[in-house]
Amino acid sequence: MKNLDPRRARWMRLRIGILVTLMALGASRLVSAAWGLQVDRHDALEADCERQYSPRLRLAPRRGTIFDRHHRPLAVSVPSQALVVSPRQLAGEQGRSHRRVDVASLAMRLAPIVGMTVEDVRHRLQQSRPVSVVHPGTPDLMGSVVLKHHLNDGEVVAVRALLAQMKTELHLGRLDGVSFEEESRRWYPAREDAAHITGQVGMFGDALDGLESTLDEHLKGRNVEVQGVRDARGTLVFADGLRPGEGMAGEDVTLSIDSTIQMIAARELAQQCQTVEAHGGSVIVTDPSTGEVLALANYPTYNPNEFVGGDLEPRRNRAITERFEPGSTLKIFTVGGALDNGVIDAGQLINCYGGLYSIGRVTIHDTHADTWLTPMQVLARSSNIGAAQIGAALGADGLERVLRRYGFGERTEIPLPGEARARFGQTRWVDTEVATVAFGQGINVTAIQMAQALGAVANQGRLMPPLLVSRITDPTGALVEDHPPGEGRAVMRPESARLLSEMLTAVTEEGGTGVEAAIPGVHVAGKTGTAQKANLNARGYDPDRWVSSFVGFAPAERPRLAITVIIDEPHMVHSGAAIAGPVFRRVMEQSLRYLGALPAANVGRDDLARLPPRPEHVLAAQARASAAAAAPNAVPTVGAAPSLLGLSVREAVRRAQPLGIELEVQGSGLVVAQDPPAGTAVGSDRRVRVQLEPAGGYTPVLVAAPASAEVPR
Amino acid sequence: MSATPTNARRDSMAPVGVAPYRAQPVEKNASLGRVDHALLGVTMLLVAFGIVMIYSASAVFAEHLHHNGQFFLVRQTMYAVMGFVGLTFFAVQDHRKLRSLTYPMLGVTVVLMLAVVLGAGHSGGGAARWIRLGPINVQPAEIAKLSLIVWLSHSLAKKNEKIRTFSVGFLPHLLMAGFLMLLCLKQPDFGSAVVLLLLTFTLLFVAGARTGYILGTFIAAMPLAVYLVLGTEYRRRRWEAFLDPARFRSTISYQLVESMMSFGSGGMTGVGLGDSHQKLFFLPEAHTDFISAILGEELGFVGVAGLLCAYAFMIWRGVRIAINAADDHGTYLAFGVTTLLTLQALINLGVAMGALPTKGLTLPFISYGGSSLIIDLAAIGILLSVSRSARAA
């Protein structure tokens, strides 16, 4: 500008200066924008980037398997393929050829292959971002859509054929935008039968329920260790030699469940619930000696292999989440506690006031009008008044302590989600409450608590917490966690437990309330329960809604299985014996047979109904039974006293009775001395005195016994 | 503003009202070997750096598309060589000789632009902006920017004091720019049209056109601009996407959000040259308009600041050359070229960082693209030529 008039040149310089200032302002705006993005928002944006390319989101590790006690799978992951479509890539030019694929026509041709409607496919292809941000573990491909999860082999082949055809039609060397993503699908071989134990894994690999949920940390595997990078098309780059699932598989879980018994329990329960049109039901089968849960089934249930919609009712694990008033089954523990603490003894007579008894404003009824009953009869005839009397003898504190000792009022901590607490009220029970709680009203329990307490009676007084998960192993088979059966804790003396067991066998014998649960050839100890449900809208009980239950174990002498059956709101009849008793019998009988624990001669009523028994088997069984009866040491010679040492009262009575011998019982526990001794002649009055003593190693619970009750040593 | 006192004194002694073209005839060999070496140096540095960045950003994409990871590297190197030929062509001759090339350049530009608009163009990125000439694709809009600068410099220098009038000094320039802008908009290439308009205003302002005319035109053009943005479906959506990128995350603002994520993940010092993750198809065509995002990711804030410093240095040299130019034609040329490069760089970076709505403008010397690299190097050639004339004078 040296050729210009200096004034104009000065003006020009000034104007250039103004423009340069504007440029500098623009540049400084850029610097601040760069600072804002790269320094201030660095962490958030870096995380966004990482989410895009990190393999963590893509390579879902193989989920661990859930096995039953015999290594039969209950939940297993099988590889499957997802069809991934990227509309952006499809609509773009395909390689060098500058050809485009018409997305709409592709949708039309894909739809019938994958079994979707054309509208559906087009709709999915329009929403170009999958919902998977909130569901980690799914193919999260930028701008691409998972058109369908879990294609079957036929579909994969058909889609591949379609792509090949389109390539030739369009003269393309390659076709980008349609690909398969490896994923895995959860398969539950036991279907509905074990749904409440396994739970379910959703479409996106998220654990929804059951052990899948509580053991998710173990099952899902670790997926952060892998250094690999995915590009926007979902291809794994820079990580050659790495295969999905390798080295990061989840841990395997072995349960105490026996899937055969589980199946028996689930099916018998479902059948009965459907027959009696019940609202719901639960069955728990345990091995009382270890506390292992062999089966836990509920009705209604669902198929975890399918996606279940909004209906939550079938998902509920009633056995642990449902609180109910147990009714008469709780009498087991009232009587057990009273016996164990010596508040009553086996031979004591309890006044039942002829079936009608008032305490405070409450009147208690019995179905049978009895006046005086032994504790065994109280159980066998399920006398509410008798139980109330025994409860009164224990007193409010005594009864509460007894029930707490059996594990009521606390969670069992079985590793399934949502266990109800079923706590006792905060206030001390008053007399009427003591009376009703003693026979199972006004107290809430869960089925799993009942199963745990029942196990203690069957296991000679040792309470074993329920054991569901036996061990957890890593993919190489190394032990991660081991859960052997614990020591348990003594809640009653073994001989009290034994005595109680014997009393409970009377329930299923002639004259008891639970004859429907009896199994030929096996002594079944059990108790029926029929409880009205509390009225939802008013005080008191609803006359039409009942909870029917049967709890018991067998064989009574050496229990193999303890079973709790709860049926909620049956519609036809409601008595626990009629509704729950048959379920108990069928599950017990089939399970014992499966375990080989039934006497060979046993031919169950159900078997007679279902299968015509083969005559030669029946004859052989009868022959064996008579041979056993004729064995020399089975029945002592008439006139001589039998050996009663080491037996419980009930066993002693049973052995003495056929000989016409009457026993004079002193103390409680097991027979430690008898007079006259075994083998010697019995006197003319045919009486034998037996001295009983508790077995060692156990301190009874100290309860404040009412002054009126006699406390034996 | 750094005019040396000696220059200013010499200015004052120049005769008033002398036509510059006649007053300073071209002297042969007067200015050989006197180019601005610093400017040449920083240009070569930027081109070399650009080639490295293009290789880094495009290798995976090129491998996928052409089964040849060096595809874009080789091409850009080729363009760079061609660009330096162009640079030398302009740098070795006196810029005053360029005045005879003004109308041929403008004519070729208009013919190419018309060819593109009338359908001979080849589409790319949703718009027809390319025309295939032999082995290379030419983008006439890039040529138009340089042609407009050359023509404006010639015309403004010729009109001299009459620049202050409306009919002679202001309107013809606006009409010519408007015609070229219209051709750009037809392609459609909104970004280039904006650059053409800003170039015209800038040079008119520098030449001394009345500020009132410029502001008036600007205000009068506002409704038109609003109509152009909001009246066109894709431009309106781009505008909305600029205002709220998250809402159009997967569609229109996909590229923008990915670009911002790239910058962000770079942090202060970057993830390291070549280690970008975003170039793995997350950021589409990362080697062209959004190469700054890869640069920001791999080299971090330090890298971006370094690039801005390089541009700032270039602008400083350009402004210095403009002010020291022997005549006003040289000043207009130099400042026009400087403004062109500045606008391109500012708008490109602003778009990539989400500070401006999306425009398809390249980053000078760094982005992949034959037309823009060759034109930008030719522009630097003109600048160097002016720098020689300044020293010669």
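Two residues are in contact when heavy atoms lie within 4.5 Å. I kept this cut-off at hand for the helix pair examined below. The model is a predicted one.

**Entry 1: a helix pair in chain A**

I looked up which residues of helix 12 of chain A meet helix 17 of chain A. Ile332(A), Val335(A), Gly336(A), Leu339(A) and Asp340(A) of helix 12 contact Ser496(A), Leu499(A), Leu500(A), Met503(A) and Leu504(A) of helix 17. Helix 12 covers residues 331–340 and helix 17 covers residues 494–505. I then noted their geometry, since two packed helices are described by the angle between their axes and the distance between the axes. In chain A, helix 12 and helix 17 pack at about 140°, and their axes are 9 Å apart. Angles over 145 degrees count as roughly antiparallel, so helix 12 and helix 17 of chain A are classed as oblique to each other. I recorded their crossing as right-handed.

**Entry 2: chain B as a whole**

I found 14 helices and three strands in chain B. Of its 393 residues, 58% count as buried. The accessible surface of chain B is about 15,100 Å², and carbon and sulfur atoms hold 67% of that area. Among contacts in chain B with a separation of 6 or more, 73% join residues 24 or more positions apart.

**Entry 3: helix 11 of chain B**

I followed helix 11 of chain B from residue 254 to residue 266. Its first and last C-alpha atoms are 19 Å apart, close to the 18 Å expected. Twelve of the 13 residues in this helix are buried, including Tyr254(B), Glu258(B), Phe263(B) and Gly266(B).

Terms used
Residues numbered from 1 in each chain as written. Chains lettered and ligands numbered in written order. Predicted model: local features only at pLDDT ≥ 70, side-chain atom pairs only at ≥ 80, totals over all residues. Heavy atoms only, no water. Helix = DSSP H or I, 4+ residues; strand = E, 2+ residues; numbered from the N terminus. Expected span 1.5 Å × (residues − 1). Buried < 20%, exposed > 50% of the residue type's maximum accessible area, 1.4 Å probe, protein only. Areas by Shrake-Rupley, 256 points an atom, 1.4 Å probe, with all protein chains shown as cover. Axes fitted to C-alpha atoms, helices over the stretch in contact; angles between N-to-C directions. Parallel < 35°, antiparallel > 145°, perpendicular 65-115°, else oblique. Left-handed = near helix turned anticlockwise from the far one by under 90°.
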